There are 4 protein chains.
Amino acid sequence: MCRFVAYIGKPIMMYDLLFKPKNSLIKQSVKASEMEEPLNGDGFGVGWYTPEANDMPGRFLSVRPAWNDRNLQYIAPKITSDCMFAHVRAATDSPVNELNCHPFHYGQYLFMHNGDIEGFQKIKREMVRHLPDNIYANIEGLTDSEHLFALFLHQLEKQRAKQLPIKIANALEDAIVEVEQIKARLKVKEPSYINACVTNGDIIVAVRYVSDLSLPASTLYYSEGAVYSCEKGICRMKKSKNNKDNAVLIVSEKLSNKRSDWHEIPVNHIVTVDKNLEVNLSVCERTLKTRASS
Amino acid sequence: MCRFVAYIGKPIMMYDLLFKPKNSLIKQSVKASEMEEPLNGDGFGVGWYTPEANDMPGRFLSVRPAWNDRNLQYIAPKITSDCMFAHVRAATDSPVNELNCHPFHYGQYLFMHNGDIEGFQKIKREMVRHLPDNIYANIEGLTDSEHLFALFLHQLEKQRAKQLPIKIANALEDAIVEVEQIKARLKVKEPSYINACVTNGDIIVAVRYVSDLSLPASTLYYSEGAVYSCEKGICRMKKSKNNKDNAVLIVSEKLSNKRSDWHEIPVNHIVTVDKNLEVNLSVCERTLKTRASS
Amino acid sequence: MCRFVAYIGKPIMMYDLLFKPKNSLIKQSVKASEMEEPLNGDGFGVGWYTPEANDMPGRFLSVRPAWNDRNLQYIAPKITSDCMFAHVRAATDSPVNELNCHPFHYGQYLFMHNGDIEGFQKIKREMVRHLPDNIYANIEGLTDSEHLFALFLHQLEKQRAKQLPIKIANALEDAIVEVEQIKARLKVKEPSYINACVTNGDIIVAVRYVSDLSLPASTLYYSEGAVYSCEKGICRMKKSKNNKDNAVLIVSEKLSNKRSDWHEIPVNHIVTVDKNLEVNLSVCERTLKTRASS
Amino acid sequence: MCRFVAYIGKPIMMYDLLFKPKNSLIKQSVKASEMEEPLNGDGFGVGWYTPEANDMPGRFLSVRPAWNDRNLQYIAPKITSDCMFAHVRAATDSPVNELNCHPFHYGQYLFMHNGDIEGFQKIKREMVRHLPDNIYANIEGLTDSEHLFALFLHQLEKQRAKQLPIKIANALEDAIVEVEQIKARLKVKEPSYINACVTNGDIIVAVRYVSDLSLPASTLYYSEGAVYSCEKGICRMKKSKNNKDNAVLIVSEKLSNKRSDWHEIPVNHIVTVDKNLEVNLSVCERTLKTRASS
């Protein structure tokens, strides 16, 4: 089911984000706390932006487990970035392969997913049928996640002013709606668990979604504060006196035990973090409508 | 453009086939003789059958170059088989990845390709449109080769008595015809170079094809004899006195300089090797018809 | 701390040994039962003999976790052997790397280890000081295990009739004695946990050793019977009526819950399995003497 | 025999150094111009400094060929550094493995080598005999290169003021002297080819050395200028009007055909580039003495 972290804010070192927290993503690769099967050892990936160089993200993917990857250990202390994605994978259906590692990339965008679109094999070809060629050609791997990313990119192309947080959020929701519509059309009854996170380097949008509200959605949290700070393995967002927040984290599971630091994103809600690091939560209205109509 | 070898006959050691010849496939991975760009260092694969265990092929794929792969060096002397495929890759369009390494596998079948369906990106989705779900789901990588294999499998399903060499040959040709029809329909003018080889463990079928006869087809040879024998790097088919042949090789390039040992497969011909190791050559009539009608 | 299995007897398929048991080695790579830290995801290796080809072992090593390795999944059903070693690694001190994967190889011999020579870094150079050049040059990795193998090979060269089980057992014990002597000389107080297993393809010798009897030795079991048989995940040695045993297993942990099938090897004992598959257990007398004299 | 490039000066993008030149290191990995065997496909490595983060170098090593490595393609455009090392490997004696990839690392230092200490297997253990434990423990791989680096580190420890270019140069030369002395003592007659390059992030020292002046030393060049600039694949050091140089390159082979841009380092000379980017060439006097006395 995978685990991920996303960071946006004042530039920090990748090492501090990935390795320092008590319950860091690296530790979650060996032994995650908030999931049934604790192991996420089927490859990993990191993506980051350095706007001073260019708009495109950097990325490092590996099929090896994150916990003992030497390249990551050498690279992480040398990357400082204001926007980072990181993901450790627990393969469900598709092989352990770099092409199946998150975050996926297209143009300025990075995308990662923790969840499972059950019945994906039955809807896979239908998902690609209407994609424009450029987006279809960008699908390199075999995961439900990357196919969802393709639907998102297609929906985004239909939006105007597609750099706005609300537009990215709409495209993400519309991609989920499209998945549910295809499933309905093909009479695929299995549920979808979709915790997904997308960025263009300036804005982060994440969703916590489950198609059947009687089922437990995967966990998803955010945290905000003045500065990301690590002391003795306790990594948290320090609060500022003047209420000015300078950093936001979105994570599959809490990086520390301090509960008050972490806000649970409610089920079937979407969260946007804009350029000013304003966090905005809203209910997934579009998917609600689909459900109502079905 | 890749290089390959296929063997069928009396069981031999994989090591003797891959490493011993003066111009072995391993040497061709570093420095092929009969192609412009001599390097085939973008991964490799071997497949083989051991009918005493079961009908399915074994396989070993790697993204590392074949010339210095230690696992291959340890495995090759321990595999004895009556039917083996081996392939070294020079990536053209798609990434160096195990999912893009040949031979591809489906059920009892192995398939490998040396060539290039130019304009593949333009016809890729059309190639998968009419595939049955099981064959579509078996596509894991991004190559033109694997997509051609999928068309072949689909054509084969349409044949009766599909274990007969002639049926496998028909399906292979029909897959090529389908490629050309799709290209014609989508007005893709680029040529196709298709040297492909398929087996079910009992029978080998290979084709040497180029869509435009004014262009140079890739080389393809076969050799037959009583026994595959290596002396001081000269590996060849020994002729038998009683005219009984016990082994056949199909290769992208000659494994030795002794020209009389190697028969060039004429352009746009298909070669079948049946259970009795009879070699049969025939012109690609089906593709001729397509060409005539276009 | 790693996990391993060794098999000798009537030829069986590698797949049946590695994948079929309820508590197979592949499952132990994800979640071992009889160790504190259940994960063995830092690479793996298999070695096997096919005497009909030659005396040398085949081997396949990988830095990827065993649980999702596709090459292993394709190779294991095609290898049938009368003597197999397999090992999943939990790295302690040295990096995840193919050169640190077990089983190690020299000439006809394969060697694997589950344990930890604590303080190894302090005695490492002393361990290699007196090795002959050929054995020193064979050390390729950084593990205590491979250095112990080198000492064993050196001790074996000093034995006459070194193909006899008793001689191999003596050499293995002498290697442990040498480790303890070096530690004593250099005043290294840390304990040694050494569960090791060596074979030449005909004979298996294993030891369960801990330097300080007040500490818990790692588990080690053997099982013998007429034939290795798997039914619904319960893999065991079937007993024969005529008391003729045809197969022996030596394993880090029991492959099934049926306790009566598994004999615990007592702490500081050595077990030999000879060509006739006779199992012989004896106390580690040589190491006892060292302990007494220190 | 490998190829390398080293850069120090005004921060530049790793991508511009590795990919943009007509005869870039990436192209040299496929087809080097100034060596007999043009292929350097047995792994690669890059190292770099970002002093704003810390003193330690970052590093990325891979066993895959550099020409098609996707991680490198994603990382290189995002790294900007004032001091970079990059190396593509052609394995001679030791296996293709990350532990055998250059640049090697210890503390602040990076080291890379293009050459061959012939007869290395005969002197290998003697080379490590007198190393302090910390330096011995840092040897992870099997190459002559890494063993030479260990001797260098040991010699450097004996120097006072070891951050001075002259001291680093002395230690590098003393390491070569030590190699020659060991070879003389053990009557190893084979020659040594040592083009080596070392840095602490502030200073680069390189040597072009061959033990027998009647043999052809490997090529080595440097280039200096105001700014590293690439136009249409022609990458060169632009000269400044005010004679202030801001960047220095040291390379195994010329990155462009413009001969006047490149200064050949004479055989058995050592070149230092100090913090002010002053380039200083001097003859290897210490090795000369050894030769004279032998």
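Hi everyone, let's start at the interface: 15 residues of chain D touch 15 residues of chain B. Please keep in mind that this is a predicted model.

How much area do chain D and chain B bury between them? The value comes to about 1,200 Å², and carbon and sulfur atoms carry 58% of that. On the chain D side, three residues stand out: D:Leu39, D:Arg64 and D:Asn68 provide 33% of what chain D buries against chain B, more than any other three residues.

One to look up on your screens pairs the side chains of B:Lys31 and D:Glu37, with 3.8 Å from N to O.

Let me finish with a piece of chain B itself. Have a look at strand E10, residues 227-231, and strand E11, residues 234-238. Which way do these two strands of chain B run? They are antiparallel, and five bridges join them. For a landmark within the pair, find B:Tyr228, which sits opposite B:Met237 of E11(B). Together E10(B) and E11(B) make a hairpin, with two residues between the strands. In that turn you'll see B:Lys232, whose phi is positive, at about 50°.

How values were computed:
Residues numbered from 1 in each chain as written. Chains lettered and ligands numbered in written order. Predicted model: local features only at pLDDT ≥ 70, side-chain atom pairs only at ≥ 80, totals over all residues. Heavy atoms only, no water. Contact = heavy atoms within 4.5 Å. Buried area = accessible area lost by both parts, 1.4 Å probe. Salt bridge = Lys/Arg side-chain N within 4 Å of Asp/Glu carboxyl O. Pairing = 2+ DSSP bridges. Helix = DSSP H or I, 4+ residues; strand = E, 2+ residues; numbered from the N terminus.
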